[in-house]
Amino acid sequence: MIIKKSFKKHLVGLDIGTTKICVAVGELSKNGITITSINTTSSLGLKKGTVINIESTVNSIRKVINDAERFTGKPIHEVLIAVTGSHIKGEQVSTSTYIKNDEVTSQDIETAISSINFNIPPEREILQIVPTDFILDGASVISDPVGLSGFKLDINSIIITGSSIAIQNLIECCRRAGLEIKDITLQSIASAEATLYPEEKKNGIAIIDLGGGTTDIAVYKDDYLKYVSVIALGGNHFTNDLSIGLGLTFQEAERIKIKNSNILLSEESKNSEIDIYEISGQIKKIPQKYLLEILLPRAEEFISLIKKELTKINKLGINIGSIVMTGGASLLHSLDKLAQATLSLPVRIGYPKASVLRKNSSRPFLTDLLPEHNNPIYSTSIGLLLYGSDQYIYAEEDSSATITIKMSSLFKKTFSKIGGFNV
Ligand SMILES: Nc1ncnc2c1ncn2[C@@H]1O[C@H](COP(=O)(O)OP(=O)(O)OP(=O)(O)O)[C@@H](O)[C@H]1O
Ligand SMILES: [Mg+2]
């Protein structure tokens, strides 16, 4: 990583999830990023990744930011945030540019991408435009095109858009909590930063962030992002199924799910019994196989939705070599094995530790990680620190690796438009 000796930057990643709001604070220096704190609180104002109650969301954000400020002793004004929700869409677009001074510069790429003429309905916003392929004078460029000599550069990109109201509400929640948003990206892109190895991004990989309310997918190949999508299914659906199927409160169903999350493939556990607290408060014994009968169809539905996504990815000509599942619901025991058996691809659980282990690579890394933070529920918040540091590091070089164009009007427009709340 190329970074000046004296450089130090305070970074804050705020993950506003369906089940929890999490803030990771880190310090970026030439040695990498050192995490100073990770705090979480329950998320009370979101459904399926989208804000449905501004006041509850603002209160939860304020609480977790206050906790982080107390813990680190430093005030927090600026945050990097990640967005999700089934309103998010990624669409492929192409653009071309003639190289100004014979050699490609990042400025050539930025200018070309900024000039993309993309018709977007008024109810949607562009979140990010990310280049995915570079073709220089008709030949595909596998590595970074910056510095190469050529005449004409064709660029394929993904335009990531989302519902204006959903994005405005999220931004408004941060604003009311007294925070300035420094940068915004997708949850899947942030989680990829924390959990993927550079070789995986090169060889082709789908990261699947299975959270409480949504499943966020991002695909990388030849080092570049190639595809994004969001499915409105998460761990809460498993919990709801148990709650309805067994007549339990959501909290009790959640407890039972996490305590017995070894159920999917474990033969011996199927014959045992477990205690459950019914809504009336009575304890009842039920065969553990009842859990299996409820959870397995949902797991199979999840995997069949992933299979459909993989078919779409394949049709786009993107071949992947493996899958990483992250997010809290990836911890549902054996879901990874079930997915691997059905999808015929290697599947591993993505832990943020991967970003410590790539110290010798050119990607941003963490200097260390406490064992209690090495949990897939922190992939997005930790990934936001790495994503944010990426922008600073590459800002020092001329490289295309992290060029993502954001509509500069996004923040101005959304701040001035706030007033209605209408998800
Ligand atoms: N050990 C575990 N076994 C099974 N499920 C788990 C476990 N730990 C957490 N979960 C589930 O993970 C989900 C929460 O994951 P996560 O914290 O990644 O979601 P989120 O970021 O709040 O939501 P989203 O990303 O959908 O907005 C919950 O449904 C929870 O039940
Ligand atoms: Mg999440």
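Two helices, α6 (235-246) and α7 (250-259), each supply at least two residues of the shell around ligand 1; helices here are DSSP runs of H or I with at least four residues, strands are runs of E with at least two, and both are numbered from the N terminus. The structure is a predicted model, in which local features need pLDDT of at least 70 and side-chain atom pairs count only at pLDDT 80 or more, while totals for chains, interfaces and linings use all residues. Residues are numbered from 1 along each chain as its sequence is written, and chains are lettered from A and ligands numbered from 1 in the order in which they are written.

Of the 26 residues around ligand 1, those that come nearest are G17, T18, G211, G235 and G328; a residue is counted as near if its C-beta atom, placed from the backbone, lies within 6 Å of the molecule. The shell comprises 18 polar, five nonpolar and three charged residues. In this classification Ala, Val, Leu, Ile, Met, Phe, Trp, Tyr, Cys and Pro are nonpolar, Asp, Glu, Lys and Arg are charged, and the others, Gly among them, are polar.

Helix α7 also has a buried side, formed by A253, E254, I256 and K257. A residue is buried if 20 or more other C-beta atoms lie within 10 Å of its own, exposed if 12 or fewer do, and partly exposed in between, with C-beta atoms placed from the backbone. Seen down the axis of α7, the buried residues fall within an arc of 165°, so they line one face of the helix; the arc is that of the directions from the helix axis to the C-beta atoms. The face turned away from this buried side carries the exposed residues Q251 and K259. The buried residues of α7 pack against α6, β15 and α8 (289-315), where contact requires C-beta atoms, placed from the backbone, within 7 Å.

K48 has a phi of about 45° and is placed in the loop between β4 (46-47) and β5 (50-51). K48 is buried, with 21 other C-beta atoms within 10 Å. D137 has a phi of about 50° and is placed in the loop between β8 (124-136) and β9 (139-141). With 13 C-beta neighbours inside 10 Å, D137 is partly exposed.

The largest nonpolar core has 103 residues, of which V23, A24, I81, V83, L170, C174 and A218 touch the most other members. Such a core is a set of buried Ala, Val, Leu, Ile, Met, Phe, Trp, Tyr and Cys residues joined through C-beta atoms within 7 Å. Helix α3 (residues 164-176) gives the largest share of this core, seven residues. Apart from its neighbours within four places in sequence, C174 is in contact with I61, V79, I81, L179 and I181.

Taken as a whole, the protein has 12 helices and 18 strands, and 44% of its 423 residues count as buried.

Technical notes. Contact = placed C-beta atoms within 7 Å.
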